[in-house]
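Please consider the structure shown below.

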Amino acid sequence: MKNKSFLFKPSWEKAFGKKPRTSSRSHTRIIAKPGLVIKVLRRKKVVMIFAYFTLVALTMLNLANYKWPKETQPCSLQVSDNMNFQNRPNFHVLYKAPQVKKRQLVYVLTTWRSGSSFFGELFNQNPGVFFLYEPMWHIWQKLYPGDALSLQGAERDMLSALYRCDFSVFQLYHTQAGKNITTLEVFGAPFNKVICSYPLCSFYRKDVVEMVDDILCKKCPPLSLHALEEQCLKYDSIVIKGVRILDVNVLAPLMADPSLNLKVVHLVRDPRAIANSRIRSKHGLIRENLQVIRSRNPKMRRLPMADPNHKAGRKDASDYHAVGAMEVICEHMSKTLKTALSSPSWLKGKYIMVRYEDLVENPVRTLNRVYRFVNLTVSRDMEAFVVNMTSGHSNSAKPFQVSSRNATVAASTWRTVLTLQQIRQVEDYCHHSMSVLGYLRVRTLWEAKDLSKSLLMLPKV
C-alpha cells in the first residue's frame, strides 16, 4: 500500500474554513496571525468598555457638583460696568435680551382759546418730556380750505408717525414743494424747549425750568428733521398738544394699538370763556374759523346773529363767526364726553378730564393729578413754575402768548364782556357739554356779572 501523503492543515483553516488573505509585494507573501489579532481586539474591547464607564462616572460627578440657577457661576466674559449680574440671582443664562420700556405717549385733547398754550408748557418745561406743539397745523395749512372733519384721518396718521419719532411726515405737508423742512420750520419751534436747548441749540438747557425767548430761539441753527428724530428717541415721554382733533373717537385706533402706550388728557374750559377769547383773537383764527364752520351740521337750529332791533355791522358779523364755530366745537366735545361716560374698553384707564378753572384755582394739586396720570414726577421747580404762571399781576395778555397772569381773573372775564345774546348763543350750542362739565347757565345779564356767585359745580366725568 502506498503511503498517502499527510497534508497538514493549519488551525485557522479548520476554524474558518478558508485561508487568510495574504498581501504580496515583490513576490513576498505576508500572512497575518489570527490569534494575535483576536487578542488585540479583545484588549481594545476591554479598554473601550472601561473608557465608557469612566466617562459616565465623570459625567455623574460633574452633575452632582453643578449648582443650579439658585447661584450664578462666575463668567469670564467682559461685560459692561453698568450691568451688575451679581445682584441678579435669577440671571442664569449667558445672554438675555433687554426689556424695552414702552414710552409714555400723551395727547392733550383740547380746542382753541382754552388755556392750552399754558397747559402745554407744563409738559414743555419738564426735562423728561419730548413736547410737540400743534403739529397738525401743517395739515390745515397745506390742505386749506378743507373742512375740519375731512382732515381728521390725516391728523391721526400724522400722530401715529410722530409718536414713533418719524418726522418725515412733516415733509408731506411742507408748503414749499421740493425743499426740505428744517427744525426751525416745525410749527411752534421758537417756543419748543427741545429745539431751543442743547444739543440742538446752545441758548437753553432742557433740565432748567424756564420760559424760552422766541426771538432768541429763532437764531438757533436750522437742522434736519433727522436730528430732531434722534432727540425724540432719547425720551421716555412724548407729549403732543393739539386743537385740531375734534373728537376723542378719532384717536380710538391709536389708543387701542398694543404697540403704543397712548393716554389722552382732555383739557376743557367754560365754552362762554372760549367764545370770548375767540372774539378777542378772531383775526388770528380767520382761516381756522372758516374750516370749522364748513363742518357745520346743516340741520341744526341756530339763533339769530343779533337782536331784531340791533343794526348789524361788520364787527357783529366777525364776532358772530368767531362764536359760530362753537357750534361745531361743542358738538364734537359732546361726543367725546358721551364716550368718556360710556367708558369703552379702549378708553379705560387712558383718559382724564381737566378743567381749566380747576387748574388756575388749584395749580399744584391739578399738576400733581395730571402728572400722576401720565407717570411723571412733579419737581419743586415745576410746582414753582405753575404757581408763578397763574398768580401774576397781569390781567390781560396778547393772544397766543404764554405769560404770568392772574389766571383766576382771566377765567371769569367773559362774564363782564359778552352780551346776553352771545351768552345765550353759546349756551344753546353747548348745553350738553356744559351740563356734563359742571358749568351753570345764567338767566340774566345781571346774574352773569355777579362775580360773587360761582357758576361751577362738580363735573359728571
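In this predicted model, strand β6 (262-268) and helix α13 (326-342) each supply at least two residues of the lining of the largest cavity. The greatest contribution comes from α13, which gives 4 residues to that lining. The space within the largest cavity amounts to about 120 Å³. A total of 13 residues line the largest cavity, and those closest to its centre are Thr110, Thr111, Leu246, Ile329 and Met333. In terms of class, the lining of the largest cavity comprises 9 nonpolar and 4 polar residues, with no charged residues.

How many cavities of 30 Å³ or more does a search of the whole structure find? The search finds 2. The second largest cavity has a volume of about 40 Å³. Its lining includes Leu132, Tyr133 and Pro135, together with Phe170. Val186, Phe187, Gly188 and Ala189 also line the second largest cavity, as do Asn192 and Ile195. Here the lining consists of 8 nonpolar and 2 polar residues, and charged residues are again absent.

The surface may be considered next. A nonpolar patch is formed there by Ile49, Tyr52, Phe53, Val56 and Met60, which together have about 530 Å² of accessible area. One of these residues, Tyr52, belongs to helix α2, which spans residues 34-65. Is Tyr52 buried or exposed? Tyr52 counts as exposed because its relative accessibility is 52%, and the exposed class begins over 50%.

Conventions. Residues are numbered from 1 along each chain as its sequence is written. This is a predicted model: local features need pLDDT of at least 70, side-chain atom pairs count only at pLDDT 80 or more; totals for chains, interfaces and linings use all residues. Side-chain values use heavy atoms; hydrogens and water are left out. Patches are made of residues with over 30% relative accessible area and no salt bridge: like charges are joined within 9 Å, nonpolar side chains (Val, Leu, Ile, Met, Phe, Trp, Tyr) within 5 Å. Accessible areas come from the Shrake-Rupley method with a 1.4 Å probe; for residues, only the protein chains shown count as cover. A salt bridge is a side-chain nitrogen of Lys or Arg within 4 Å of a carboxyl oxygen of Asp or Glu. Buried means under 20% relative accessible area, exposed over 50%, partly exposed in between (1.4 Å probe, protein chains only). On a 1 Å grid over the protein atoms alone, a cavity is a set of points where a 1.4 Å probe fits but cannot get out, and a pocket is an open set with protein on both sides within 12 Å along at least five of seven lines; lining residues have an atom within 4 Å of a point. Grid points are joined across faces, edges and corners, and a volume is the space filled by probe spheres set on the points. Ala, Val, Leu, Ile, Met, Phe, Trp, Tyr, Cys and Pro count as nonpolar, Asp, Glu, Lys and Arg as charged, and the others, Gly among them, as polar.
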